[in-house]
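This report is meant for a reader who meets this structure for the first time. It goes from the chain as a whole to a single residue.

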Amino acid sequence: MPDFRIAVFEGDGIGREIMAPTLRLLDGMARQSQTWRMSFDMLPGGAQCYSETGEALPAASVETARRADAILLAAMGLPDVRYPDGTEITPQIDLRKILGLYAGVRPVRVTPGLPTPLAAARDLDFVLIRESTEGLFASVGEVEADEARETLKITRAVTEKVSRFAFDLARQRKADGRGPGRVTCVDKANVFPAFAFFRSVFDDVAREYPDIEATHAYVDATALWMVTQPGRFDVMVTENMFGDILSDLGAGLMGGLGFAPSADIGDDHAVFQPCHGTAPDIAGRGIANPFAMILSAAMMLDWLGETHGHSPLRADGARLRQAVERVIAEGRVRTADMGGTATTDEAAAAVAEALG
Ligand code: ATP
């Protein structure tokens, strides 16, 4: 029976509060399962780690993460802890580069009970793929007295990989009956040569997938259509910075950051973490919404099942996601961001109960 080793970064702020109940859920599922086991390596990393040790992402943590079957990360960074140049501590971004996690997977699903601001958003289901290792985030920035510059980097190799990832996902979703088989390249090819290049590489890859429709949209129009016609999207692929912004818009469509899971996937490694940050304004009170973290763990089970050809594990990923959806649909247990009074642990306990 496979025993999956998971590298765990609790990080900062609400990180510990949402990770602990998520690990309890995973541990309970592993113990119940007849076909898989799971063990966890708790690793230091983040802003608090930096202020205590001078290292935001210790080399030993990276090595353990590299050897793990998957990485589960809550959130990292604190507004008051910064590098000498004034930037925030963001080891989660470093990890994407170190491990080559080029495909940032941001599902946008509206299921019953979610506090979506869109009246006509029932059954919304699309996936935004954010390239996560280059784009504007590859920039090292130059600041002079009266001028600052950042550089955007797009490479053929990474654009091909992330485009293929998007087309493979669209094919999988079509096979599962979840989408029409369409990939939209989101760019600003009308203004910037770098985005025209991104689009041309995307178009080259599209020719390998005659069964999948390839379309294009400018990023500004995409922001509008995500609100006015979200149903036109199935899988979208875009540059890092555009993806960063649009994925928060996607979380907004779902009703808030507390419901938005994500995965950052490369050829050999994957990190699963909620879209939200460390929420310092509510940290330490035990009231954070754990659903995005638990849904990220469900994505991890699904990915492990897929990559290891282990269908019961995939089924358990779906079971965990459906348990969260049932709790949200019932509306009995609601955390503060949902207008309720449930604590983090009470919300997670409701998921455990829904799992049976
Ligand atoms: P980052 O830059 O790291 O993404 P941020 O400062 O933009 O982080 P978050 O830390 O995600 O933002 O917090 C944004 C807002 O959303 C805050 O008001 C926070 O309390 C709220 N929030 C984020 N995550 C949760 C959660 N799990 N439960 C409840 N509220 C949350």
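What follows describes the overall build of the chain, its surface and charges, and then one histidine.

The model is predicted, and the secondary structure of its protein chain comes to 11 helices and 12 strands. The radius of gyration is 20 Å, close to the 21 Å that the globule rule gives for 356 residues, so the protein chain is as compact as a globular protein of that length. Taken along the principal axes, the box filled by the C-alpha atoms is roughly 50 × 50 × 40 Å. Among contacts in the protein chain with a separation of 6 or more, 74% are between residues 24 or more positions apart.

| Quantity | Value |
|---|---|
| Buried residues, out of 356 residues | 53% |
| Accessible surface belonging to carbon and sulfur atoms | 53% |
| Contacts (separation of 6 or more) between residues 24 or more positions apart | 74% |

The accessible surface of the protein chain comes to about 15200 Å². As for charge, the chain carries 35 positive and 50 negative side chains, and the centres of these two sets lie 5 Å apart.

Where does His 276 lie? His 276 is placed in the loop between strand 12 (270-272) and helix 9 (291-307). Because its relative accessibility is 10%, and buried means under 20%, His 276 counts as buried. Leaving aside residues up to four places away in sequence, His 276 touches Ile 14, Ile 18, Ala 75, Leu 257, Gly 258, Asn 289 and Ala 292.

How values were computed. Residues are numbered from 1 along each chain as its sequence is written. This is a predicted model: local features need pLDDT of at least 70, side-chain atom pairs count only at pLDDT 80 or more; totals for chains, interfaces and linings use all residues. Side-chain values use heavy atoms; hydrogens and water are left out. Helices (H or I, at least four residues) and strands (E, at least two) are DSSP runs, numbered from the N terminus. The radius of gyration is taken over C-alpha atoms; the globule rule is 2.2 Å times the number of residues to the power 0.38. Buried means under 20% relative accessible area, exposed over 50%, partly exposed in between (1.4 Å probe, protein chains only). Contact means heavy atoms within 4.5 Å. Accessible areas come from the Shrake-Rupley method with a 1.4 Å probe; for residues, only the protein chains shown count as cover. Lys and Arg count as positive and Asp and Glu as negative; His and the chain ends are not counted. The place of a charge is taken as NZ of Lys, CZ of Arg, CG of Asp or CD of Glu.
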